[in-house]
Amino acid sequence: MTDWPVKTLGDLLEVSIGGIWGSEAGEDEIDVFVYRSTELIKDGQLKEESTVRRSITARQLDSRKLEEGDLLLEKSGGGPKTPVGRVGLVKVLPGLSVCSNFMQLMRPRKDDVLPVYLHYFLNHFHIAGHTEDLQNNSTNIRNLKTTEYMKVEVPLPPLKEQKRIVEIVSSMDDLIQATAQVVVDAKNLRSGLLSDLLSGEHEIPASYDSLFGAT
């Protein structure tokens, strides 16, 4: 077994601060894009194009302005059967941006941990169900106990090994995405086949027989 050192999540963060919702655009000093938990999609990806515009003060922006490589923790939301604790990785920013009050900005110490490596670890932690014991319910809304969450222990291989792990997992993600597209293409082909075969308006192409081995 690899003897990697272990650090708590809190020790690996340069910044950890709750987000802000602000007011209607144009009502305060600076308009910004706000990332909400609704921008989090499968595998911790973020939909930058669906962020909303809100208004905050310059001081609020100074302490919460997002940077590429930041992690956004979903700390409130979910439901009776939907645990919170998903984590998004900021890859591209549409402009001056913050996260909402239902999320927590976490900025990794890049000398210790690669943001992508920590992103993979924390999402796996969530998918494995480990955030279930770190949250409580209030009026059907789940709230993550962030103080306890910051005590989560993270195995910390050397940066070179972290990079290798990220490359392997990223390659697998690319393969999964390519396979998913093949499935989509096959379903579209099936739909076209049904349309041709059942409409009665077209003669069945001979190429279909050779393609599917019909006799």
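**Exercise 1.** Is Glu-161 buried, partly exposed or exposed?

Solution. The structure is a predicted model, in which local features need pLDDT of at least 70, side-chain atom pairs count only at pLDDT 80 or more, and totals for chains, interfaces and linings use all residues. Residues are numbered from 1 along each chain as its sequence is written, and side-chain values use heavy atoms, without hydrogens and water.

Step 1. Take the cut-offs: buried is under 20% relative accessible area, exposed over 50%, partly exposed in between (1.4 Å probe, protein chains only).
Step 2. Glu-161 has 26% relative accessibility, so Glu-161 is partly exposed.

**Exercise 2.** Find the salt-bridge partner of Glu-161.

Solution.
Step 1. A salt bridge needs a side-chain nitrogen of Lys or Arg within 4 Å of a carboxyl oxygen of Asp or Glu.
Step 2. Arg-164 meets this rule with Glu-161, at 3.3 Å from N to O.
Step 3. Both residues lie in helix H4 (residues 159-199), three residues apart, about one turn of the helix. Helices are DSSP runs (H or I, at least four residues) and strands likewise (E, at least two), numbered from the N terminus.
Step 4. Arg-164, at 47% relative accessibility, is partly exposed.

**Exercise 3.** Describe the salt bridge between Glu-67 and Arg-107.

Solution.
Step 1. The closest N and O atoms of Glu-67 and Arg-107 are 3.6 Å apart.
Step 2. Glu-67 sits in the loop between helix H1 (58-64) and E6, and Arg-107 in strand E10 (residues 103-108), so the pair ties together parts 40 residues apart in sequence.
Step 3. Glu-67 is partly exposed at 39%, whereas Arg-107 is buried at 9%.
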